[in-house]
Protein chains: 2
Amino acid sequence: MDVKRRLRSRGYRVTPQREAVLEVLRENEGVPLDPEAVFEFTRERYAGIGLATVYRTLELFCDLGLVLRVHLHEGSQHYEINTGKHHHHMVCVSCGSVEEFKGCVVDELEESIREDSDFVVTSHCLSLFGYCPACLPAR
Amino acid sequence: MDVKRRLRSRGYRVTPQREAVLEVLRENEGVPLDPEAVFEFTRERYAGIGLATVYRTLELFCDLGLVLRVHLHEGSQHYEINTGKHHHHMVCVSCGSVEEFKGCVVDELEESIREDSDFVVTSHCLSLFGYCPACLPAR
DNA sequence: ACTCCTATTGATAATTGCTCTCAATAACAC
DNA sequence: GTGTTATTGAGAGCAATTATCAATAGGAGT
């Protein structure tokens, strides 16, 4: 568990709240959660946690690179444990379910931009929208 | 001007507010504006317009396909006239300036997804983040 | 042009998602 | 243990957006 070390080496403290939030995110690998959902799940482990602490913790984990921000364009921000495996999401516009896919062609795109433009790309955000197998027949 | 026709054919009315908002967006082709900016610009043409009307009008124009939602992840939503020319944006994380680029590799990506998954992709959202030529030296 | 129906509007209240404030608490280095 | 100070929970505050509702005004029918 090098997370404790990573926190302490930067002057941050290891608290049961932070451990609980991290566990929740780890249990939901591949499933982007919004702060409210993280709050609810974490309360099952640490009943007294406050919503503000969840927000602060998610922000901190993002800074530390432990967690990734996921933009599903659904009103609220979503978060996911950073497994190191780069991927994006397909969002069903009908039921809201999220599926991940591994392929990402943006690296190639960044390459071509490096040639055509003076803009230096450091990160990107890509989401796909459509219909999941379950909702397709209805549409 | 087939916009009037497109509105009326769907049972919507042509109002000076809607015409003013559309003109503002047309004058700013390629420049994503947030609702507040649209509100300010539109007031120069139609002083009495209310903010709620701007929000409603932008929403309506999106439904009609006249306007596109642009996700710059900047707190507020942005909107842009739909010229039919597919493109995405590069956002400078330092000064916030937005540059558009035409190339989009996602069509290829959608292709490969069609083969690998049962998910049917109907649209996508892609934004690139980095540093514009002006901000690069400072970084 | 006049009338009527109803879509639309502006003002404002309400809601949502998130951040700030601050006194109390609890890590953890010593 | 003790002291310093990061962290916490509760609630106030804030910004973006949406809902409410009475008043207004398109525009189809006459």
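Me: Let's start with the layout. How many helices and strands are there in chain A, and in which pattern do they come along the sequence?

Reply: Start by listing the elements. Chain A of this predicted model has 5 helices and 5 strands. Read along the sequence, they run α-α-α-α-β-β-β-β-α-β. The C-alpha trace of chain A spans about 45 × 45 × 25 Å along its principal axes.

Me: And what share of the 139 residues in chain A is buried?

Reply: For burial, look at relative accessible area: under 20% is the cut-off for buried. In chain A, buried residues make up 41% of the 139. As for contacts with a separation of 6 or more in chain A, 47% of them come from residues 24 or more positions apart.

Me: On to salt bridges. How many does the structure hold over all chains?

Reply: The test is a Lys or Arg side-chain nitrogen within 4 Å of an Asp or Glu carboxyl oxygen. The structure holds 14 of these over all chains. A bridge can also be part of a network, as with Glu23(A), Glu27(A) and Arg45(A).

Me: Why are Glu40(A) and Arg43(A) separated by about one helical turn?

Reply: Check the sequence spacing within the helix. Glu40(A) and Arg43(A) are about one turn apart because they are 3 residues apart in helix α3 (residues 35-43) of chain A. Their salt bridge has its closest N and O atoms 3.3 Å apart. Over in chain B, Arg43(B) and Glu40(B) also meet in a salt bridge, at 3.3 Å from N to O. That pair lies in helix α3 of chain B, 3 residues apart.

Me: Which parts of the chain does the pair Lys85(B) and Glu29(B) link?

Reply: Here you locate each partner in turn. The side chains of Lys85(B) and Glu29(B) meet in a salt bridge, 3.8 Å from N to O. The pair links distant parts of the chain, 56 residues apart: Lys85(B) is in the loop between β2 and β3 (88-92) of chain B, and Glu29(B) is in the loop between α2 (16-27) and α3 (35-43) of chain B. Lys85(B) is exposed at 57% relative accessible area, while Glu29(B) is partly exposed at 48%.

Me: Last one: the backbone. Where does His73(A) lie?

Reply: Look at phi, then at the element. His73(A) has a positive phi of about 60° although it is not a glycine, and this residue lies in strand β1 (residues 67-74) of chain A. His73(B) has a positive phi of about 55°, but lies in the loop between β1 (67-70) and β2 (78-81) of chain B. His73(A) is partly exposed at 23% relative accessible area, and His73(B) is partly exposed at 28%.

Methods: Residues numbered from 1 in each chain as written. Chains lettered and ligands numbered in written order. Predicted model: local features only at pLDDT ≥ 70, side-chain atom pairs only at ≥ 80, totals over all residues. Heavy atoms only, no water. Helix = DSSP H or I, 4+ residues; strand = E, 2+ residues; numbered from the N terminus. Buried < 20%, exposed > 50% of the residue type's maximum accessible area, 1.4 Å probe, protein only. Contact = heavy atoms within 4.5 Å.
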